[in-house]
Amino acid sequence: MKLGHSFFAAFSALILISTLMAVPTYGGTTGGAGDVTLSSTGPSALTWTTRSVFGSATLQVTGPKHFDFSRTVESDSSIAFDLYEGAEDPRDGAYRWTLTYRSPVDAALAEDIQEARDAGDVCFVDELKEAGRFESGAWSGSFLWLGGELIVPELSTGTESLTGPDLDAASEGALETELDVLAKAGASQDSKALPTKDFVILDDLIVDGSGCIGFDCAGGESFGFDTIRLKEHNLRIKFMDTSFASGYPTNDWQLTANSSGRGGMDRFSIDDISSEQTPFTIEARARNHALYVDDAGRIGFGTAAPVTELHVVSGDTPTLRLEQTDASAFTPQTWDVAGNEVSFFVRDASNGSTLPFRIRPDADSNSLVIDGESQVGVGVSDATHKLHVRESGSSGVLRIVGKLENNGPASLQLLDTDSGDNWVFTNKPTGFEISKGGTGNIEMELDGSGNLTILGQLTTGMNVYPDYVFKEGYELRSLDELAAFIEENGHLPGIRSESEVDHGERVNLSELSRGLLEKVEELTLYTLQQHDEARSMRATIDEQLKRIERLEALLAGSEALSK
């Protein structure tokens, strides 16, 4: 049978009506917040009310031109929204909303949930839901804003039950169409037999009413809002392409509702008949809006209001799984990319579900940046070295910006792969060590008391030598002046006093060495001065001794004559 264009027009209209209807979904156990009602509380205002108090509820509304509004309410039974809260001048068009709730959770249960999270127990919340201790729900729908008027589907009495309208017997009877009458004429009320003769219509077919196809269609079929109904125990719509000319597509497809064998799956599938593949399947009882594509091409998983190109919503750790099988002879490996209130993380699901990578909430911008030259910036977006770390805390405050931690000695190795030079910096219980790999020697060691031991010589960068002491024009204090300075100040001139060091002044070894060398050179000058003075005194004494000897000789001669 070939159906006319009216079928497709009716089918499109049915899809549009379904989109505007408020469709319920419930992700928890029976006995939760129950149904929710939507009421108009003003020209641009709506209020959602649940039958019982929820622990928390979040309303999200999205619409034209990136309209995105979200509100969370704690411990209440209603949540309100005004279109002008999200935009000063709301755009005309369709707006989508999603309301999710969580039942009240007492302090003890909240503590148990947190302990399970910390312990990595991913099944605990599911077990709570199965036991009826932890419940959640979600509803979604849409409304129109046209020319300053709020239009909510089926909202005629101020409230709308989001479980959908019910049809009474009278309404159902009124929906019987001429096709029902024709069906009654072709088969008795008590028989499901259908005419066996094929009808071939060499023209368009227009049916002003509904139609039923299948072995179980009965006379007096009540269609309700159905335009086309398939009714039997094997429900299939097959698309058989009879193209035969070279280059034209010929693949056959099929829409399949439920498996046909006993114990089969309740599902809806798109089958690639020619390739014997089923690329698309929806299982019965899949959660509401398991897959949703909005008018901007954004895809929602678990939400009817996607705000990005791909939007995943879950009440417990939204997760993307990347699983490599051994189908291509590679080692199987599974990774999870997920996030929750604790962190965004990558999980190695194949190796003990370790979490090798984490980002905590409220991390600063540029916490970790890898630029086009493979330079890594920590706290900086424009790294200038292979590893560039910047701390932007309070100015002048001492902060630790790097830390190496181990359950034993921690080392930092610097290796030149060209020359093979290898230096190792290590902390040990005995102190901090610097060693050169391969020598077995500790080149430098600093213990906890501040004692520094080096294997070789200590060389400083002092570039001012006090040889100026020996140059002409240097004013050398006299020993009397030096003695007076020491008497008054208690230390050598140019050398810091003991009191300065006692007050926390650091000792600059290069400065101290320069000062001491200056004093040694000055002492050398003093020694030379004293040497000159001593030599002059020795000459004077020698001359005096000679005079004494001559006087003694004269005296001795005089005494001899007098006898």
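Two strands are taken to pair if DSSP finds at least two bridges between them, and strands (E, at least two residues) and helices (H or I, at least four) are DSSP runs numbered from the N terminus. The structure is a predicted model, in which local features need pLDDT of at least 70 and side-chain atom pairs count only at pLDDT 80 or more, while totals for chains, interfaces and linings use all residues. Residues are numbered from 1 along each chain as its sequence is written, and side-chain values use heavy atoms, with hydrogens and water left out.

**View 1. The hairpin of β20 and β21 has 5 residues between its strands.** Strand β20 (residues 344–348) and strand β21 (residues 354–359) run antiparallel and are joined by 4 bridges. D348 has T354 in β21 as its bridge partner, and G352, in this hairpin, takes a positive phi near 80°.

**View 2. T303 lies in the loop between β16 (299–301) and β17 (310–312).** T303 counts as buried because its relative accessibility is 3%, the cut-offs being under 20% relative accessible area for buried, over 50% for exposed and partly exposed in between (1.4 Å probe, protein chains only). A polar atom of the T303 side chain lies 3.0 Å from the backbone nitrogen of A305. Leaving aside neighbours within four places in sequence, T303 is in contact (heavy atoms within 4.5 Å) with T98, H289, Y292, H311 and V313.

**View 3. The largest nonpolar core has 24 residues.** Such a core is a set of buried Ala, Val, Leu, Ile, Met, Phe, Trp, Tyr and Cys residues joined through side-chain atoms within 4.5 Å. W48, V61, F81, W97 and F143 have the most contacts inside this core. Two or more residues each come from β2 (36–42), β3 (45–63), β4 (67–82), β5 (93–102) and β6 (136–146), and β3 gives the largest share, 6 residues. Apart from this core lies another, of 7 residues, among them I113, A116, F124 and V125.

Conventions. A polar contact is a pair of N or O atoms within 3.5 Å; within protein, one must be able to donate a hydrogen and the other to accept it, and residues adjacent in sequence count only if both atoms are side-chain atoms.
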